[in-house]
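Please look over the sequence and the structure below.

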Amino acid sequence: MINEYFRPQTIEQATSFFAQKMEEGYHPSYYNGGTEIITLGRLDQLNVDVAIDIKSLPSCRVHLLDEDYLVLGSALSLTDLAEANYFPLLTDISKEVADKTARNKITLGGNICGNIFYREAVLPFLLTNSIFVLADKEEIRTNYLMDLFQETLPLKEGELFVQAFIEKKFLTEPYVAIKVRQQWKTGYPLITAAAMKTNHEIRVAFSGLCSFPFRSIQMENMLNDTSLSISERSRAATKYIPGDILNDVEGSSEYRLFIFTNLLEKILIQLEGN
Amino acid sequence: MIYETPNLVQVTVKINGEIQQIIVPPSKTLLASLREDLFLTGSKPGCFNGDCGACTVIIDELPMKSCLMLAAEVEGKEITTIEGLSDSPVQRAFIENFAFQCGYCTPGFIMNIQAMLNSVKNPSPDTIKEWLESNICRCTSYEEIEQAVQEVIDKYPSKY
């Protein structure tokens, strides 16, 4: 249960306060949209006793397009991202998360760093191998996401995801964004697919197939082997699924695999233009 | 870790046009605070999970699910609850179109629709559907709710 709420004005304040509370034996957490902290906290599935609300930190609220990069702060809501619409692939992926009102509260950082296994907002950042800016009490570091991401964004204790830099050239590349649900327009997805064609090659990233979002370079190499037919490539690519396929009330693993293979075919047809 | 004294948070907020001050524990949701501290019981507790939308209020022009927000977060913000929309065109359209049965979800729907009408001029049927997906009516009055929205748009073309 949250017993202390703090709204820092700077990143330094936020990270120092986090470190101080850790030393004092508490369980602090950066608090962004807070939807997961509130809902899981209510069920005693998350132990956070100090909430450090980073929503008003200017660096986390940035959204700007300069000559080379699109810069997006982690505290931008999914609605902010969709309305700014700098990056149509990100807009299309974000617009399918939860529902319209919830997206006013769910943030980019919260979605990417959360516990829920879908975390769809990370997919466009994986495809574009974006640069992530992370800060803790000691330093601010930057890393390419593909060098960092291992099923989750592995933040050090007290580390804060501040911003992401996306190379401008990716913003206008052809893309595919598909979310498949069991039924209806809202509700949890079966699989979300994001794909992009850049430099004559197709990149793909998925969420909802395994218990974590992923982009597999091996899978992409197979999908880009144009000596094979689209259906051959789609079937062969399934060998590179990087974990167990989810098997739950939303869909059996067999059904998810069927959907996944179909999605790969759709992506190839759409991005290869035949 | 056990806290010996609660770290209460003082929050100043404008609700339905009036400045209010509340002192809340940091873990208290806005929904709980509206109902228990300010006695604004029109916002309804439903799922407590952000799914049903019965607790929707308007904060700085955006609809928000008040069960997914801490009271401590709304410092300095402007909030409209269903009590602030007394006898509004949307409410009247709900009555005239029988857009409810049990009525429990109705405040949340009205708040969401009001927020949509405030921000989108002459919304299309697809836009209306997209916004309404944020709220659940277990009596399934969806058709009538959409009719009510359309009636407000038709009746007040210069406003909405």
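In chain B, the axes of helix 2 (residues 89-96) and helix 3 approach within 9 Å and cross at roughly 130 degrees. Helices (H or I, at least four residues) and strands (E, at least two) are DSSP runs, numbered from the N terminus. Axes are lines fitted to C-alpha atoms, for helices over the stretch in contact, and angles run from 0 to 180 degrees between N-to-C directions. Helix 2 of chain B and helix 3 of chain B are therefore oblique to each other; angles under 35 degrees count as roughly parallel, over 145 as roughly antiparallel, 65 to 115 as roughly perpendicular and the rest as oblique. Helix 2 of chain B makes a right-handed crossing with helix 3 of chain B (left-handed if the near helix is turned anticlockwise from the far one by less than a right angle, right-handed if clockwise). On helix 2 of chain B the contact (heavy atoms within 4.5 Å) is made by B:V90, B:Q91 and B:F94, and on helix 3 of chain B by B:T106, B:F109, B:I110, B:I113, B:Q114 and B:L117. Six residues of this contact between helix 2 and helix 3 of chain B are nonpolar, three are polar and none is charged. Ala, Val, Leu, Ile, Met, Phe, Trp, Tyr, Cys and Pro count as nonpolar, Asp, Glu, Lys and Arg as charged, and the others, Gly among them, as polar.

The model is predicted: local features need pLDDT of at least 70, side-chain atom pairs count only at pLDDT 80 or more, and totals for chains, interfaces and linings use all residues. Residues are numbered from 1 along each chain as its sequence is written, chains are lettered from A and ligands numbered from 1 in the order in which they are written, and side-chain values use heavy atoms, with hydrogens and water left out.

Another helix pair in chain B is helix 4 (residues 125-132) and helix 5 (residues 142-155), whose axes come within 11 Å and cross at roughly 130 degrees. That makes helix 4 of chain B oblique to helix 5 of chain B. Their crossing is right-handed. From helix 4 of chain B, B:I128, B:K129 and B:L132 meet B:I145, B:E146, B:V149, B:Q150 and B:I153 of helix 5 of chain B. This contact of helix 4 with helix 5 of chain B has five nonpolar, one polar and two charged residues.

Chain B also has an open sheet of five strands in the order 2-1-5-3-4, with mixed pairing; two strands pair if DSSP finds at least two bridges between them. Strand 2 (18-24) and strand 4 (62-65) of chain B are at the edges, each with a single partner strand, so one side of each has no neighbour in the sheet. Seven bridges join the antiparallel strand 1 (residues 9-15) and strand 2 of chain B. B:T12 is opposite B:Q21 of strand 2 of chain B. Helix 3 (residues 106-119) of chain B packs on this sheet and touches strand 3 (56-59), strand 4 and strand 5 (78-80) of chain B.

In chain A, three strands form an open sheet in the order 9-10-11 with antiparallel pairing. Its twist averages 15 degrees from one strand to the next. Helix 12 (residues 253-272) of chain A packs on the sheet, touching strand 9, strand 10 and strand 11 of chain A.

The contact between the chains takes 29 residues from chain A and 27 residues from chain B.
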